[in-house]
Amino acid sequence: MWRFSSLISVVLLCSAALAVAQRSSNRTSLWQTLSGDAPIVIARGGFSGLFPDSSFNAYSFALTTSLRDVALWCDVQLTSDGAGICLPDIRLDNSSNIAVVYSNRRNTYVVNGVRTQGWFSVDFTYDELQNVYLTQGVYSRSNEFDHSMLQILTVEDVARQLRPPGFWLNVQHDIFFSQHNLSMRSYVIAASRSVVVNYISSPEVNFLRSIVARFKPGPTKLVFRFLERDYIEPSTNQTYGSLLRNLTFFKTFASGIMVPKTFIWPMNDSLYLQPHTSIVADAHKEGLEIFASDFANDVPFAYDYSYDPVSEYLSFIDNGNFSVDGVLSDFPISPSEAIDCFSHIGRNGPVQANITIISHEGASGDYPGCTDLAYKNAISDGADILDCPVQMTKDGIPFCLGSINLNDRTAIAQTNFSNRMMSIPQLKVVNGILSFNLTWSEVQNLTPAIWNPLSDSRLYRNPNFRNKGKLVSLSDFLALANNASSVSGVLIGIENAAYLAEEQGLGVTDAVLDALDKAGFNNQTAKKVMIESTNSSVLMKFKEKSNYERVYEVDENIRDALNSTIMDIKKFANSVVISKASVFPRNIGFLTGVTDVVPKLQAFDLPVYIQLFSNEFLFQAWDFFSDANVEMNSFVMATGINGVITVFPKTASKYRRNTCLGLGDQTPVYMAPVEPGSLFQLIQPQPPAQAPNPVLTGSDVVEPPLPGVVLIPPPTDAANGSTAAPPGPPSDQPKVAARIFLCNLAILLATLLLF
């Protein structure tokens, strides 16, 4: 009945996944649902977060990436000849190309008291809709599958062709269809006689009351769906908020209720969670199942979850107080992971994956980077290695900050230091205030600022803490790491060393070596010390003066590395950091394949760490379904990397403790790595190929030795011609150092007078 241009590809894509055994959750005694069984996953329109809602591709993909008892959700609309079709809205133009096919058939109707304009199903026969194809209705999602010619499906199509383990019909506008002489009641009753329907939901009381006698008792459950609190329920003319006060009423015609997730975990205007309500407990007390709706990975949710969808689901199913009986999601893979892999493991569950978690400026996804707060939370979040990207102050004090430009990580632009702004092409800084233009006493009093790389897209990180915490010196950082028993080591990042030495007279490598020595890291083996740099000259300097692990960061996306280049790297480095794109290259946001860079480096005994992992969905390829856990799992399971560098170490720590790791052939499909390039191949027409990433060559990694530190003459006071006193060195004996210098100068002058 529909075209198979992309259907076959989807089935082939998923066939391997179907062969993998899915775990059913048998830990029923731990669930606080009404039945004691695990919550169900309801796929709204199938996998509508990726494919066009209610399309065959969306439904089939949901079946192959979710729990085996997943329920497929169909929003039922009626055509003018009484056919029941699955489409997300009563207006067809936001989910199909109907406005193009029938451009002159737009209409206006009153829907629930509101004049609504668009293309409505009641104005078309089912046969007329055979020329209409489904499209992605959420504009922030990829529209690359809009040209797959996915036809509109009937309720019977979904049930018979896909044979879902659970089938959920939602009737949103029974009154509207009645006004057009179409009986949703008659259709649903007739459909349930020909196909298996497990759930029927509606936000209209009278509709459910009109069918209860036909379905109760019986295998089909009726569920009342609550809309927003201030919306009017048309049958009773009461708000949904007021109806919520009398749950006993719904027990007379329904076995459950569905509520927006904010009814359970409210949020304030700043998008932070408030204490949970008692609605789950109240529903269960009345013998009603309760389902939560409105879950989507690619829309902002409460900041408390740090953009991690699995954390959000866990708060509804595994919080120690209650569990909903099911969740309605556009991305059914994520609740499937949460239910079967991440639930009931606690914060101290055993580690299942041998990967090293390295923080990036501490827990900088939740707090201003390189502050005491960021580091302390990185420790409690489970980071193995704490990182400190070192910058230098004017008076030679090394401290931790993610950028040499203080504008990037502090609120210095709001201070009186704006007169120190400058541009330095060598550092790629335009109108910045550089760390070496301030003393440490000035720097440590600056207000830190959280890094918001997606502010242009209005995705912000933890605004309540955007200016919290204090910047720390390298010595304070080392003391903090040394006292943290759960931390296995530190990573010290060094950049711009040549510029600082030649142009500013600052020896960052010597400052780091001195700080490590004073902190006692030279005389112990309990804590690993890693020195990271994009400059081989820096790592060669440390090779000459220490036994620390040297980590070479490849600062470009690559597709390969010459064997001779890798041998050059081994001369100065013990391990390598590469980008995510050097493993999984992309085109128009989709993975196009996987490189051999990781196994090739590991074949030369070089551990490989991948950066930079961030939870925000805009950082992830479409193949990872806007889920940071899917992304991390694909890197770990498919490529065998040694570690991850992340701004959200809590997410990485939780991931490596999930119980679906290490299961071999029994790994469930929702925890199998994605197949790079599979989704990309479904796009029609194929987008133009992009220029491949370069191959890493010897000239990219080999550098001349690091220059010595140049003695910079102190600035001259133009007013009186005097020379300003140079800043004292970072030691407690500036006067002694000055006396030694004067004594040496006197000896030199005396020697010259003899000749």
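**Notebook: spaces and helix pairs**

**Entry on the largest cavity.** I began with the lining of the largest cavity, which by class has six nonpolar, one polar and two charged residues (Ala, Val, Leu, Ile, Met, Phe, Trp, Tyr, Cys and Pro count as nonpolar, Asp, Glu, Lys and Arg as charged, and the others, Gly among them, as polar). I note that this is a predicted model, in which local features need pLDDT of at least 70 and side-chain atom pairs pLDDT 80 or more, while totals for chains, interfaces and linings use all residues. Residues are numbered from 1 along each chain as its sequence is written, and side-chain values use heavy atoms, with hydrogens and water left out.

Which residues line the largest cavity? I found Lys261, Thr262, Trp265, Met267, Leu273, Ala302, Tyr305, Glu312 and Phe316 there, around a volume of about 60 Å³. A cavity here is a set of points on a 1 Å grid over the protein atoms alone where a 1.4 Å probe fits but cannot get out, and lining residues have an atom within 4 Å of a point.

**Entry on the second largest pocket.** I then turned to the second largest pocket, whose volume is about 1200 Å³ (a pocket is an open set with protein on both sides within 12 Å along at least five of seven lines; a volume is the space filled by probe spheres set on the points). It is lined by 37 residues, and I noted Gly402, Glu495, Thr534, Glu553 and Gln611 as the closest to its centre. Sorted by class, the lining of this pocket holds 13 nonpolar, 13 polar and 11 charged residues.

Which strand gives the most to this lining? I found that S15 does, with four residues. At least two lining residues each come from strand S14 (356-359), strand S15 (385-392), strand S19 (489-494) and strand S26 (608-613) (strands are DSSP runs of E, at least two residues, and helices runs of H or I, at least four, numbered from the N terminus).

**Entry on H4 and its two partners.** Helix H4 (residues 155-162) and helix H6 (residues 184-194) have axes that come within 11 Å and cross at roughly 15°, and I therefore put H4 and H6 down as roughly parallel to each other (angles under 35 degrees). On the contact (heavy atoms within 4.5 Å), I listed Val155, Glu156 and Arg160 in H4 as meeting Tyr187, Ala191 and Ser194 in H6. By class, this contact of H4 with H6 has three nonpolar, one polar and two charged residues.

The axes of helix H2 (residues 56-65) and H4 also come within 11 Å, but cross at roughly 40°.

**Entry on H17 and H18.** How do H17 and H18 lie, oblique or roughly parallel to each other? The axes of helix H17 (residues 508-518) and helix H18 (residues 536-545) come within 11 Å and cross at roughly 40°, and H17 and H18 are therefore oblique to each other. Their contact is made by Thr509, Asp510, Val512 and Leu513 of H17 together with Val538, Lys541, Phe542 and Lys545 of H18. I divided the residues of this contact into four nonpolar, one polar and three charged.

Methods:
Axes are lines fitted to C-alpha atoms, for helices over the stretch in contact, and angles run from 0 to 180 degrees between N-to-C directions. Angles under 35 degrees count as roughly parallel, over 145 as roughly antiparallel, 65 to 115 as roughly perpendicular and the rest as oblique.
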